[in-house]
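Open the model in your viewer and keep the sequence panel beside it. This tour goes stop by stop, with something to select at each one.

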Amino acid sequence: MTSISSALTVEQVDAYFERIQLPKAYRRDQHPALDLSFLSRLQGYHVTAIPYENLSLHYAKDVKVSLDVAELHKKLVLRRRGGYCMENNILFHHVLLFLGFEGYLAGARLFRVGDGKSAGWSGWEHSVNIVTLDQQKYLVDVGYGGNGPRSPLPLVKGSIHKNIGTQTMRLVYEPLPGSRQRQWIYQTRNAEDQPWIHNYTFTEIEFFQRDFEVMSFFTSCHSDCFLTTHLLVVKYLREGDEVYGKIVLDDDKVKKNQGGKNVLVQMCMTERERVKALKDQFGIELTEEEQKGIQGRMSALAIRDC
């Protein structure tokens, strides 16, 4: 098998570890074992430090999402911003490659519901990492947002695992409607008496940088993509090593979920309030130029307080 090297340097990986506040026991000088414990902590600390966010599609005069690894490192690590699925998962993939994990990136289709259209599967709009440990493949996703997995999920049919709060998660392996080919489907449910909900589906086919550039062009520019018309930020909450909840900015509403229930924390009535909430609740500071970039967009709130 041909070895694929990481695009990150030693200094960049160390800066990433500082950004996610990885415990000292897992730093490079401690030579941690490349096992499930280490992988789980990398995933948990990433999603609680680096938000899922699509602000670059709204707070920008000209929308351009770069998937270049050096640019991703500048944005997510040095600028302490977040990114959407491909930004987060591509950066995470290169961290894993640097450390010596065996893995690759794959594409995924999202299950769309509640947007005024009939429910159904999207095209390729999401990305995931597939990592092999001791001959077992795992789904590792740091870029899904809301109901994403907080820890590696083995590619095993029907095996149920705890996620956040009362939520559980599983993978099933079956064809999509109208297809004869079976695929992995990531599902969650919020309680044992509730139905399983589709989130996304993926195959084990490796995707490359050019594939994601094509996908990202659609997700960042096309009006049919939810992300171009709605503003969304998701950051998971952690105490010690335990990921226990999440805080979400959904257009103008800041919500917190700590036990399976969403609690409204704040309604942002103006751009000033939303920009302040981004800084206070998510640690995201937008430049003056970025703040002006939302003017005239359908996602903009009132510019001034009444």
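Which side chain meets that of R28 in a salt bridge? Select R28 and D14: their side chains form the bridge, with N and O 2.8 Å apart. Keep in mind throughout that this is a predicted model.

**Stop 1: around helix α1**

Stay with that pair. D14 sits in helix α1, while R28 sits in the loop between α1 and α2, so the bridge ties together parts that are 14 residues apart in sequence. R28 is partly exposed, at 33% relative accessibility. D14 is also partly exposed, at 29%.

Is R27 buried or exposed? R27 has a relative accessible area of 12%, and because buried means under 20%, R27 counts as buried. E18 is partly exposed, at 46% relative accessibility.

Next, select Y16, which lies in helix α1. Y16 is buried, with 1% relative accessibility.

**Stop 2**

Move to Q21, in the loop between α1 (10-20) and α2. Q21 is exposed, at 54% relative accessibility.

For another such case, jump to D251. Its phi is near 60°, again a positive value in a residue other than glycine. D251 lies in the loop between β11 (242-250) and β12 (253-257).

**Stop 3: helices α2 and α4**

Select residues 36-49 for helix α2 and 85-99 for helix α4. Two packed helices are described by the angle between their axes and the distance between the axes. At what angle do α2 and α4 pack? The angle is about 150°, and the axes are 12 Å apart. That makes α2 roughly antiparallel to α4. Turn the view to see the crossing of α2 and α4, which is right-handed.

**Stop 4: a buried pair, then a network**

Keep helix α4 on screen and pick E87. Which residue forms a salt bridge with E87? The partner is K75, with the closest N and O atoms 2.7 Å apart. The pair links distant parts of the chain: E87 belongs to helix α4 and K75 to helix α3 (residues 69-78), 12 residues away. Both E87 and K75 are buried.

Then select E53, R79, R81 and E290 together. Salt bridges with shared partners join these residues into one network. Over the whole structure, a search finds 17 salt bridges. Side chains of opposite charge can pair when their charged atoms come close.

**Stop 5: a nonpolar patch**

Switch to a surface view and colour L264, M267 and M269. What kind of surface patch do L264, M267 and M269 make? The patch is nonpolar and covers about 300 Å². M269 is placed in the loop between β13 (262-267) and α7 (271-282). Is M269 buried or exposed? M269 counts as exposed, because its relative accessibility is 54% and exposed means over 50%.

**Stop 6: two long spans**

Finish with the distance tool. Start at S179, in the loop between β7 (168-175) and β8 (182-189). S179 is partly exposed, with a relative accessible area of 29%.

Last, go to A302, in the segment after α8 (288-292). A302 is partly exposed, at 37% relative accessibility. Draw a line from A302 to Y186. The C-alpha atoms of A302 and Y186 are 38 Å apart, and the residues are 116 apart in sequence.

Terms used:
Residues are numbered from 1 along each chain as its sequence is written. This is a predicted model: local features need pLDDT of at least 70, side-chain atom pairs count only at pLDDT 80 or more; totals for chains, interfaces and linings use all residues. Side-chain values use heavy atoms; hydrogens and water are left out. Patches are made of residues with over 30% relative accessible area and no salt bridge: like charges are joined within 9 Å, nonpolar side chains (Val, Leu, Ile, Met, Phe, Trp, Tyr) within 5 Å. Accessible areas come from the Shrake-Rupley method with a 1.4 Å probe; for residues, only the protein chains shown count as cover. A salt bridge is a side-chain nitrogen of Lys or Arg within 4 Å of a carboxyl oxygen of Asp or Glu. Helices (H or I, at least four residues) and strands (E, at least two) are DSSP runs, numbered from the N terminus. Buried means under 20% relative accessible area, exposed over 50%, partly exposed in between (1.4 Å probe, protein chains only). Axes are lines fitted to C-alpha atoms, for helices over the stretch in contact, and angles run from 0 to 180 degrees between N-to-C directions. Angles under 35 degrees count as roughly parallel, over 145 as roughly antiparallel, 65 to 115 as roughly perpendicular and the rest as oblique. A crossing is left-handed if the near helix is turned anticlockwise from the far one by less than a right angle, and right-handed if clockwise.
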